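Here's a quick tour for anyone meeting this structure for the first time. Have a look at it first, and then we'll walk through a few spots.

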Amino acid sequence: MRIFNFSAGPAVLPEDVLRTAASEMLDWRASGMSVMEMSHRGKEFISIHEKALADLRELLAIPPNYKVLFLQGGAIAENAVVPMNLLGARTSADYVNTGEWSKKSIKEAKKYCAVNVAASAEDRSFTYVPAQATWKTSRDAAYVHVCTNETIGGVEYHWTPDTGDVPLVADMSSHILSRAVDVAKYGVIYAGAQKNMGPAGLTVVIVRDDLLDRALPITPSAFHWKEQAESDSMLNTPATYSIYVAGLVFEWLKARGGIAAIERANIAKAALLYDYLDRTEFYRNPVQREDRSRMNVPFKLRDESLDEAFLKGAKERGMVQLKGHRVVGGMRASIYNAMPVEGVRTLVDYMQEFEQRHG
Ligand code: PMP
């Protein structure tokens with residue numbers, strides 16, 4: 001039996017995708033092989049890779065002057081890889097600090113360049129996105145880095161920053177493919193796959209062509225965007241099985257009506273939860289209303305001594321991974337694309353019932 005898995009990542013995948021992967025496990029389309037066993041340079045895997053790339057391009061309407069790379073190392077690796085690839089002759093970069101993942105990016109970038117924190121939401125415990133009018137960007141920054149969805153704090157940009165000629169770089173790990181995005185407004189978008197795209201192991205980097213000539217000489221080849229672009233992301237052996245499953249997820253999204261349809265569903269799912277949180281005093285979400293994440297919904301019980309009982313009751317009703325991140329405590333419901341609306345309804349019903357019992 002399947003449960004409702006509210007994990008922040010690795011996270012729930014569409015059941016149809018898992019069934020297809022299972023049915024193709026031993027013999028992918030009469031090849032006599034599992035995808036796991038295929039050479040990454042064989043025609044079978046090349047076709048899987050190319051289809052996944054094309055579908056991702058179509059879903060996000062990625063303009064032709066962008067390369068899409070299927071790399072490894074996750075977003076944590078990109079925290080180092082971004083400055084290595086983008087600094088060129090410059091020595092500093094701007095970062096907007098909206099929470100735990102921004103902080104990690106900043107800490108890592110400091111190994112490679114001077115970091116100017118252009119704005120920070122630390123003054124209000126990372127519960128909002130600082131308005132762009134308050135950002136103190138620097139003229140000679142190599143790029144401006146943002147985390148457009150803070151997975152731990154549950155804070156999301158519902159607008160696109162305008163950084164003029166300075167390339168905008170976004171960590172979209174926890175909301176990529178959940179909503180429409182105007183890729184042309186970004187220089188680089190990166191994301192680990194294990195929330196909205198597929199299994200861990202695959203890292204997607206979308207980079208504008210003109211930014212491919214700025215890498216520092218120390219950049220490792222496996223993380224050198226230009227070298228990887230010239231090798232069709234095959235300079236090293238890519239995460240073949242993860243790419244295959246991500247490709248199935250892309251097909252699933254297309255069959256469901258693409259990004260516009262999934263965005264509508266995500267708005268509806270998030271509203272179910274936030275509308276209830278707004279009606280009760282028993283639970284509380286700390287995030288400023290207009291910056292609330294549609295993907296990660298943290299909330300606290302008024303009486304924290306009930307946390308364990310809440311989690312136990314949730315588990316008994318088939319809902320797991322609701323415990324909040326240790327940095328912020330409380331609860332967190334991650335409701336990615338593959339979380340069915342029934343999962344969110346079951347959670348809200350349970351929250352109400354728990355409130356009636358203990359409120
Ligand atoms: N950035 C964000 C926004 C994330 O949510 C995560 C993972 N939770 C990371 C970076 C780190 O990703 P990884 O562990 O794949 O390197």
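Let's begin with Pro10, which sits in the loop between β1 (4–5) and α1 (15–23). Helices (H or I, at least four residues) and strands (E, at least two) are DSSP runs, numbered from the N terminus. Gly9 and Pro10 are joined by a cis peptide bond, with omega at about -10°.

A word on the ground rules: this is a predicted model, where local features need pLDDT of at least 70 and side-chain atom pairs count only at pLDDT 80 or more, while totals for chains, interfaces and linings use all residues. Residues are numbered from 1 along each chain as its sequence is written, and side-chain values use heavy atoms, with hydrogens and water left out.

Ser125 isn't a glycine, yet its phi is positive, about 50°.

Now for the ligand. Residues around it (a heavy atom within 4 Å) include Trp101, Cys147, Asn149 and Lys195. Helix α3 (residues 74–86) gives the largest share of this shell, three residues. By type, the shell has four nonpolar, six polar and two charged residues; Ala, Val, Leu, Ile, Met, Phe, Trp, Tyr, Cys and Pro count as nonpolar, Asp, Glu, Lys and Arg as charged, and the others, Gly among them, as polar.

| Protein atom | Ligand atom | Distance |
|---|---|---|
| Ile76, backbone N or O | oxygen | 2.8 Å |
| Asp171, polar side-chain atom | nitrogen | 2.6 Å |
| Gln194, polar side-chain atom | oxygen | 2.8 Å |

On its own the ligand exposes 390 Å², and the protein buries 84% of that (areas by the Shrake-Rupley method with a 1.4 Å probe).

What about enclosed space? A search of the whole structure turns up one cavity of 30 Å³ or more, where a cavity is a set of points on a 1 Å grid over the protein atoms alone at which a 1.4 Å probe fits but cannot get out. The largest cavity has a volume of about 40 Å³, meaning the space filled by probe spheres set on the points. Its lining residues (an atom within 4 Å of a point) include Pro14, Lys195, Trp252 and Asn337.

Conventions:
Polar contact = N/O pair within 3.5 Å; in protein donor to acceptor, adjacent residues only side chain to side chain. 1 Å grid on protein atoms, 1.4 Å probe; cavity = no way out; pocket = protein on both sides within 12 Å on 5 of 7 lines; lining within 4 Å.
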